[in-house]
Amino acid sequence: MSKLHIATSINGEPVEFLADPSASMLDALRGPLGLTGTKEGCGTGDCGACSITVDGRLVCACLMLAVESEGHEIGTIEGMAQGDHLHPLQQKFLEMAALQCGICTPGMLMASRALLEKNPDPTEEEVRFGLAGNLCRCTGYDKIVRAVLETAAEMRGAA
Amino acid sequence: MNEMSNKWIGKNTIRPDGADKVTGRAGYAADNTMPGMVWGKVLRSPHAHARIRSIDTSKAEALPGVKAVVTRDDIVEFPLDKSVMLGIQDMRWMCRNVMAREKALFHGHAVAAVAAISEEVAAHACSLIEVDYEVLPHVIEIEDAIKPDAPILHEWNQFEGKPSNIAGTMVLKTGDVEAGFAEADIVVERTFKTRPVHQGYIEPHACTVSYAADGRVTIWSSSQGQFMVRAMTSLLTGIPQSDIRAIPAEIGGGFGGKTIIYLEPVAVMLSKKSGRPVKMVMTREEVQRATGPAPGSLSTVKIGAKKDGTIVAAKGTFYLQAGGLPGSPLRGPVGCSFAQYAIPNILSVGFDVVSNRSKVAAYRAPGAPLGAFATECVLDEIAQALGLDPLEMRLKNTVKAGDKAIYGPTFGAITFKETVESIKHHPHYSAPLDKNPRPGVKRGRGVASGFWYNAGGESSVQVNITEDGNVLVTTGHPDVGGSRASISNVVAELLGVDHARVNVMIGDTQTIGFSNLTGGSRVTFASALVATSATEKVIGDLRQRAAKIWNIDAEAVKWQDGMALPAGDNAGKFPPLSLKELAAKANEMGGPIGTQVQLNTTGADPGFATHCVDVEVDVDLGIVRVLRYTAAQDVGRALHPAYVEGQIQGGVVQGIGWALSEEYLYDAKGRVDNAAFLDYRMPVCSDVPMIEPVMLEIPNPKHPQGVRGVGEAPIVPPLAAIANAVHDALGVRFYELPMSPPKVSARLDAAG
Ligand code: FES
Ligand code: FES
């Protein structure tokens, strides 16, 4: 199968790459694009470790074809911090120990950011349902939910 | 240490590896690539049980792009009649688990492997390998495997003089159990069943291996111990340990499941044959089919008590499901099930049963949760029959310091009773519970306790002072849950420097002394201990250097707040010398500052936990929801409280999954039917409430900071606590896990 040429934008920068027609966006990110911050936990859309945004919408990169990124805005964990300035969610996850092994963390952060963009003042239940597509086996979710709620409160205060 | 006001110990500092992990920069095993690298893929058995007559790899080898093929002939064979142990692992089973030898013992068992220029080519080549199987009848469940006419997995294995699927036993006893039951006013005996559950780490197994022309091997992999990877790979490939460098990648969860290897020896042989670096990554389906899980169990527990609740005798019989090769964690249920109670007469027996499932691996307090499930449910039933509060009944029987444990040692300064009391006095336990909040919904509350041994063992650490006066600590333990944060707190505290100036790295097998696995709730205990000893040596050295500069005795120099100071007025008047100043002068004044300490650590006293849970049952749908959860645990001392809480919260949620939703489903051919996260149902965020940890900090006197292991005890009580709560809600007792909606509904329908 010959590869296709794709032109897209990743974390605000224009990117061109070649992709197998059958390659997933996750494979493209982790392979030719060298963006390994997006993790693979299942490859079947069940764990959320590969969460990215496409035109601002949360998507499982393992369920999307690389060729579908043509002409769209892709956001990955690598674009979340601005230089050495962490996103408030990243900072709060660190302060509140909302990660243990850290493998689910990039996906959790992407999903949390997407959640807060849609709903800046979520209840605990809304956070729990908002993150229900992201498995974490280490934390029992407690500290993650608290970190998201607390970041939301801080971001509302700052806004 | 405890009277001191701590600056860092006990503080929720930011972990040294934190920024890397929240920005996606941290390097996990699957993130690694190498120039010239090829991909390895494993061919797995399509049968649950089959003799392997022959393997023909010629077509695969001829496929363009294929660089190497390996089979059982490339892995060192350990003959069946002689056991070769590495820790608790028998290499006879390990070599057969990594690559099937005489037989494929479960669906998904590795049979051959290919290295090729891409994953796709490797997978295609696997499909071209011709394996001549003689398909044999299979057996999955314990009850079936121990029947007299069961298909036998290992013909050479004998039990009571006959070929059998019982591959091992373990017996602990104290007193005279029959005489004990004779004295009892009440005796309850029940049989319980639990299903295998997977550790469920989110990161699949992965490695990259490079075999160089000089025969030296480098392995980057995800594991709970780089030294274990080195030793097992050496045994299974015949390459000397000194020629293998195992570099620990960041690990995306393990829970015991990454204390053994699957891919590394295969990748080494593929790399050796192909002359190329080889990368292998399991799919989730491979992880679910061929790695882990914890054993399923069939347990009978009988407990006898006096009217006042005093337990006089206990008997446990535990059949554990080893999977296709022997090795269930018998010491879990056999040793732990009654360990928290002072019972004069105990007989506890375990059986290791093989069947055609993947070989079990350690999972958090291996074997203990399923034993506690049985014991703590029977105790609940006795307390009810006697009209006693279940916590009062436990308080009557708790072990204390000075009591002899059934598994041998005498308990030191333990805090089990306090965990029960703290739950008893917790507002959760006395909070009113509306048992019938809505039509069709019932609520209940349950409690249970648990025990885990904890461990010490080998640990190495280096503490080096950089020329600019910062601190670099290197440990030999992969950091699964934030252990770097605890160690940096300890070293910063002792040195009296800001914790951000202490960086903690994980060394590889070539750069740090031998360190045993991250497991057994041992790493924070052991590494804080060696880090303390190393830091104290460094401080001794710093004091000497200051003494030399001031031309006074080293005894006349004290170390305080990161500075050398003259100790008292008689020592003379000198301005303090900071760590930075001493470090800057280091190379003219005695050379580099740093040391390595390695110890076989002891004194890791056991851990105890008592939990309380409220559940709500939808009677029509059979759905059990956890509404509130409080977990009290004896933690000794929390070096970094948030990560200790995290261990408790994570363990509890895994226990909730075990109790309510997780299980393997098999089809008629013995194949796992739910090898994806969609169907193997681990708890998600919306399935659970906040988990309230109650940390009892009563320092372990055998540790410089009072640390006690914490990672495993929290998964021991939830199974029983939830079953007891469901009973409280429904008046129906479940003897089988998981209490998943179809099972709860079926049971309620049957009960009318
Ligand atoms: S890897 Fe995409 S959802 Fe799990
Ligand atoms: S922190 Fe390990 S899976 Fe979430």
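Start with the charges: select Lys and Arg (the positives) and Asp and Glu (the negatives) in chain A, leaving out His and the chain ends. Chain A has 12 positive and 21 negative charges, and their mean positions sit 7 Å apart. Each charge is placed at NZ of Lys, CZ of Arg, CG of Asp or CD of Glu.

A quick note on what you have open: this is a predicted model, where local features need pLDDT of at least 70 and side-chain atom pairs count only at pLDDT 80 or more, while totals for chains, interfaces and linings use all residues. Residues are numbered from 1 along each chain as its sequence is written, chains are lettered from A and ligands numbered from 1 in the order in which they are written, and side-chain values use heavy atoms, without hydrogens and water.

You'll find 5 helices and 5 strands, taken as DSSP runs (helices H or I, at least four residues; strands E, at least two) and numbered from the N terminus. Trace them from the N terminus and you get β-β-α-β-β-β-α-α-α-α.

Next, pick the C-alpha atoms of chain A: they fill a box of roughly 50 × 30 × 25 Å along the principal axes. Of the 159 residues in chain A, 57% are buried (under 20% relative accessible area, with a 1.4 Å probe and protein chains only).

Last stop: select residues 718-730 of chain B, helix α19. How many of its 13 residues are buried? The count is 12, so to speak a mostly covered helix. Among the buried ones are Pro718(B), Ile722(B) and Leu730(B).

Conventions. Buried < 20%, exposed > 50% of the residue type's maximum accessible area, 1.4 Å probe, protein only. Expected span 1.5 Å × (residues − 1).
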